[in-house]
Amino acid sequence: MRIDVDGGRITAVTPGSPRAGTILGGLTLPGFANGHSHAFHRALRGRTHHARGTFWTWRERMYALASRLDPEAYYRLARGVYAEMVLGGYTSVGEFHYLHHAPGGKPYADPNAMGQALRQAAADAGIRLTLLDTCYLAGGIGVEPDEVQRRFSDGSATAWASRVAELDEGELFRVGGAIHSVRAVPEDQLSEVDDGVQGDRPLHIHLSEQRAENEQCEAATGFTPTGLLWDNGVLAERLTVVHATHLTDRDVRWLGEFRVGACFCPTTERDLGDGIGPARALRDAGVRLSIGSDSNAVVDAFEETRALELDDRLASEERGRFGAAELLAAGTDHAAIGWGEVGALAEGAAADFVTVALDTVRTAGIEPSGVLFAASGADVRHVVVAGREVVRDGVHLLVDRPETVLAKEIEALWQS
């Protein structure tokens with residue numbers, strides 16, 4: 001198969017062509033999309049398992065980390081994180097970004113300094129970035145933000161939208177929005193956040209990740225979190241709900257009726273003990289599925305994608321919950337983060353693709369259709385983003401030794 005590329009787009013795909021030009025040895029797939037990331041959580045990897053722990057003790061450790069970051073440190077850390085993502089098979093990332101201000105909530109001289117740090121880090125690592133700038137106004141339903149959470153808050157949805165409007169997009173950089181959760185945005189401001197995001201750009205929300213969220217929401221409003229979004233007119237096709245773990249049957253029907261997307265983050269959901277969401281039921285209801293690395297406890301597009309099937313097997317006690325084509329569609333759903341032109345090896349599509357070796361100890365002897373179940377990010381050999389080679393022979397061409405970058409920056413954060 002010959003793929004011709006010009007100006008960052010695929011201009012022709014021709015089967016049966018003679019071997020010429022740049023030879024990509026292995027199986028070439030569309031680039032994967034990381035639909036949900038918190039880049040700074042990467043510094044928590046392997047550091048949150050003391051005395052067994054819970055989701056809530058993990059969150060306290062995360063807040064401690066958040067208090068140590070400034071724009072310069074965040075840029076250096078995120079540069080390594082995004083390079084790791086490209087090496088793991090991702091060519092775009094949706095960054096669910098809520099770490100906005102200086103400690104105490106004081107804006108930086110540039111109110112978007114933290115977002116700009118992420119933008120520069122992604123550019124340096126050669127990955128497409130959608131900054132899902134996140135509105136975060138409360139510490140819980142009816143609870144004021146605490147000391148750490150004040151860094152996340154703009155004070156109101158109006159002020160949040162005004163700050164986000166100052167961000168300009170670029171070739172590999174787009175801006176969407178997010179409601180952190182129904183716990184963190186008061187009900188009377190949900191629709192205002194929705195209105196603050198351009199109509200053709202994505203809107204995301206953490207939804208029903210923990211049972212406690214559902215219980216608090218129902219006690220305060222009489223609705224499940226999904227029902228609250230329905231009641232406030234936020235459910236729409238551009239919306240992606242992240243996790244969607246603890247849903248009622250009515251929630252599933254609502255999400256399907258409005259053609260909402262759902263982003264599963266299986267490796268993080270395992271790490272935090274969240275539970276297993278109803279992926280098959282959502283897909284059958286008409287919900288579009290995508291995947292994300294979330295806390296970046298694992299950064300591996302193949303592990304995340306196959307987990308849709310493998311985790312659903314555990315929940316249902318059945319195999320064959322998803323076909324390979326369905327899994328690949330979920331893993332390469334760039335439209336969920338606003339890159340509708342990415343995700344296919346076809347004329348006119350953006351030239352983002354990943355080549356996987358078929359001769360490693362993991363992939364030797366497999367049928368190509370089984371690559372999602374056999375390969376790992378360690379088997380990625382070549383990555384092209386917007387027609388630009390970013391990884392060659394398993395080596396990142398733009399960031400020298402990302403593992404060294406990560407080790408240095410993470411150690412510095414925990415020593416500060």
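Me: Where does leucine 167 lie?
Reply: This is a predicted model, in which local features need pLDDT of at least 70, side-chain atom pairs count only at pLDDT 80 or more, and totals for chains, interfaces and linings use all residues. Residues are numbered from 1 along each chain as its sequence is written, and side-chain values use heavy atoms, with hydrogens and water left out. Helices (H or I, at least four residues) and strands (E, at least two) are DSSP runs, numbered from the N terminus. Leucine 167 lies in the loop between helix H4 (157-164) and strand E7 (173-179).

Me: Is leucine 167 buried or exposed?
Reply: Buried means under 20% relative accessible area, exposed over 50%, and partly exposed in between, with a 1.4 Å probe and protein chains only. Because its relative accessible area is 8%, leucine 167 is buried.

Me: Which residues is leucine 167 in contact with, leaving aside its neighbours within four places in sequence?
Reply: Contact means heavy atoms within 4.5 Å. With those neighbours set aside, the partners of leucine 167 are Asn112, Gln116, Leu131, Asp133 and Val175.

Me: What do the buried residues of H8 pack against?
Reply: In helix H8 (residues 249-257), the buried residues are Asp251, Val252, Trp254, Leu255 and Gly256. They pack against helix H7 (225-231), strand E9 (239-243) and helix H10 (279-285).
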